[in-house]
Amino acid sequence: MNQPPEYCPYCGTALAQVREPMIHRCESCDDYVFYNPTPGGSVAVVDGDSLLLVEDFRYDDRWKLPSGRIEVGETMREGAIRELEEETGLSVEPDALTFFSEEVVEPVEGMHMTNLSFATEWSATTGTVEAGSDATDARFWTPAEFEASSASFTDVHARRFGSDSLEWLLDEAKRALES
Ligand SMILES: [Zn+2]
């Protein structure tokens with residue numbers, strides 16, 4: 001379930017809110033129904049002074065790190081790698097990913113997410129950069145190119161990292177890779 005529930009998943013009764021958005025109660029079942037955030041993963045692929053971003057298919061010229069929701073049975077790394085492959089065409093081995101940051105993603109259309117971001121070097125990946133599902137475009141940007149263009153980060157990306165600066169994001173990813 002990706003949204004806080006309104007009805008009991010067992011009997012269909014409208015739930016009472018105990019503590020939004022986490023805790024709900026079904027009086028018919030005499031039990032609580034909990035809502036948990038959806039886990040997500042991202043990969044920052046670094047090539048020297050540039051970072052790989054994807055253009056969000058929902059908006060014009062709005063970019064983000066390759067990212068998405070973890071699926072059942074996947075580790076965080078496996079899910080982040082699958083999203084990277086789906087959105088950019090690049091593959092990478094799990095042990096080539098370095099933990100880089102963790103974020104609470106503000107709810108989008110009611111969906112709360114908790115995200116782990118990893119960094120990797122472009123040289124550790126295989127494949128050719130090509131935009132895939134959910135991405136209109138995929139390319140490496142230097143901070144100067146990004147600044148000089150009409151491109152910007154999606155609102156969700158900027159709120160998630162508390163920054164809409166590509167330079168800051170690139171520095172953070174590089175610091176993680178160097179440590
Ligand atoms: Zn119930």
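Residues are numbered from 1 along each chain as its sequence is written. Because the model is predicted, local features need pLDDT of at least 70 and side-chain atom pairs count only at pLDDT 80 or more, while totals for chains, interfaces and linings use all residues.

**Exercise 1. Describe the protein as a whole: its secondary structure, its extent and its share of buried residues.**

Step 1. The protein holds 4 helices and 11 strands, where helices (H or I, at least four residues) and strands (E, at least two) are DSSP runs, numbered from the N terminus.

Step 2. The C-alpha trace spans about 60 × 35 × 30 Å along its principal axes.

Step 3. Of the 179 residues, 31% are buried; a residue is buried if 20 or more other C-beta atoms, placed from the backbone, lie within 10 Å of its own.

Step 4. Among contacts with a separation of 6 or more, 60% are made by residues 24 or more positions apart, a contact being two residues whose C-beta atoms, placed from the backbone, lie within 7 Å.

**Exercise 2. Characterise helix 1: its span, its buried residues and what covers them.**

Step 1. Helix 1 comprises the 13 residues 76–88, and from first C-alpha to last it reaches 18 Å, close to the 18 Å expected at 1.5 Å a residue; the expected span is 1.5 Å times one less than the number of residues.

Step 2. The buried residues of helix 1 are Arg77, Gly79, Ala80, Ile81, Glu83, Leu84, Glu87 and Thr88. An α-helix has 3.6 residues a turn, so residues three or four places apart point the same way.

Step 3. The cover over these buried residues includes strand 4 (38–47), strand 5 (50–56), strand 7 (67–69), strand 9 (111–121) and strand 10 (135–141).

Step 4. Just after helix 1 comes Gly89, with a positive phi of about 85°.

**Exercise 3. Which strands are joined to strand 4 by bridges, and in what direction does each pair run?**

Step 1. Strand 4 is itself mostly covered, with 7 of its 10 residues buried.

Step 2. Strands pair if DSSP finds at least two bridges between them; strand 4 and strand 9 are joined by 9 bridges and run parallel, with Pro39 having Thr114 as its bridge partner in strand 9.

Step 3. Strand 7 runs antiparallel to strand 4 and is joined to it by 3 bridges, Gly41 standing opposite Gly68 in strand 7.

Step 4. Strand 5 is likewise antiparallel to strand 4, through 2 bridges, and Val46 has Leu51 in strand 5 as its bridge partner. The hairpin of these strands has 2 residues between them, and in it Gly48 takes a positive phi near 60°.

Definitions and conventions: A residue is buried if 20 or more other C-beta atoms lie within 10 Å of its own, exposed if 12 or fewer, and partly exposed in between; C-beta atoms are placed from the backbone.
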